[in-house]
Amino acid sequence: PGDLRLATSLANLAQLKLRQRNYDEADRLFRRSLQIRESALGADHASLVQTVNGLAAVCYARGALDSAEPLFRRALSITERRLGAQHPDIVTSLNSLARIAFKRNDYVAAGPLLERLLILKESSLGPDHPESAPLLASMVKVRVAEGALNVAEKLARRVVAIRESEQ
């Protein structure tokens with residue numbers, strides 16, 4: 001229990017260092033926190049997800065997408081297995097994986113991730129919630145890249161309707 005409290009404190013400090021853009025320190029702290037958690041709980045425990053996502057965020061911030069992606073996938077896998085495919089924590093990993101796919105211009109990979117995110121958002125917030133608009137706008141880009149212009153237009157019109165309802 002004391003070790004886990006230390007791991008939590010290390011992860012909290014790592015989050016602060018990440019926000020301060022001190023990536024070396026954040027990386028070191030997240031790795032130490034993760035090592036403690038893995039030793040105490042095993043490599044597949046739900047309590048690891050936040051720390052794994054934090055370490056992945058450091059890699060992403062550094063532009064190390066090839067290091068960030070497997071960490072986000074690990075966090076997603078743990079969350080799905082331990083907490084279920086509809087758990088809210090899945091949103092973080094899915095969103096991060098979609099951002100990586102976009103940075104790589106890999107719309108084939110981004111599409112299913114965005115669709116899954118949209119389903120999660122709409123099931124919890126409703127189809128016309130303002131938080132759905134950015135996801136829909138990203139889906140427009142995917143559909144344009146696929147050449148599905150009519151579908152892209154319908155999605156773009158949904159974004160406009162959501163934004164107009166905010167006025």
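This is a predicted model: local features need pLDDT of at least 70, side-chain atom pairs count only at pLDDT 80 or more; totals for chains, interfaces and linings use all residues.
On the helix 2 side, pick Tyr-23, Ala-26, Asp-27, Phe-30, Arg-31, Ser-33, Leu-34 and Arg-37. Their partners in helix 3 are Thr-51, Val-52, Gly-54, Leu-55, Val-58 and Ala-61. Coloured by class, this contact shows 8 nonpolar, 3 polar and 3 charged residues.

Keep the two helices on screen and look at their axes. The axes come within 9 Å and cross at roughly 155 degrees. Angles over 145 degrees count as roughly antiparallel, so helix 2 is roughly antiparallel to helix 3. The crossing of helix 2 past helix 3 is left-handed.

Next, select Arg-62. This residue sits in the loop that joins helix 3 to helix 4. Show what surrounds Arg-62: with neighbours within four places in sequence set aside, Arg-62 is in contact with Tyr-23, Asp-24 and Asp-27.

From Arg-62, draw a distance to Asp-106. The C-alpha atoms of the two residues are 20 Å apart, and 44 residues separate them in sequence.

Now select the largest nonpolar core, which has 48 residues. Which of its members touch the most other members? They are Phe-72, Leu-94 and Leu-114. To see where the core comes from, colour by helix: helix 1 (2–19), helix 2 (23–41), helix 3 (49–61), helix 4 (65–83), helix 5 (90–103), helix 6 (107–125), helix 7 (132–146) and helix 8 (149–166) each supply at least two of its residues.

Apart from residues up to four places away in sequence, Leu-94 touches Leu-76, Leu-113, Arg-116, Leu-117 and Leu-120.

Finally, zoom out to the whole protein. How many helices and strands are there? The protein has 8 helices and 0 strands, and its pattern along the sequence reads α-α-α-α-α-α-α-α. The C-alpha trace spans about 55 × 30 × 30 Å along its principal axes. Colour by burial, and 38% of the 167 residues count as buried. Among contacts with a separation of 6 or more, 52% are between residues 24 or more positions apart.

Key
Residues are numbered from 1 along each chain as its sequence is written. Side-chain values use heavy atoms; hydrogens and water are left out. A nonpolar core is a set of buried Ala, Val, Leu, Ile, Met, Phe, Trp, Tyr and Cys residues joined through side-chain atoms within 4.5 Å. Buried means under 20% relative accessible area, exposed over 50%, partly exposed in between (1.4 Å probe, protein chains only). Helices (H or I, at least four residues) and strands (E, at least two) are DSSP runs, numbered from the N terminus. Contact means heavy atoms within 4.5 Å. Axes are lines fitted to C-alpha atoms, for helices over the stretch in contact, and angles run from 0 to 180 degrees between N-to-C directions. Angles under 35 degrees count as roughly parallel, over 145 as roughly antiparallel, 65 to 115 as roughly perpendicular and the rest as oblique. A crossing is left-handed if the near helix is turned anticlockwise from the far one by less than a right angle, and right-handed if clockwise. Ala, Val, Leu, Ile, Met, Phe, Trp, Tyr, Cys and Pro count as nonpolar, Asp, Glu, Lys and Arg as charged, and the others, Gly among them, as polar.
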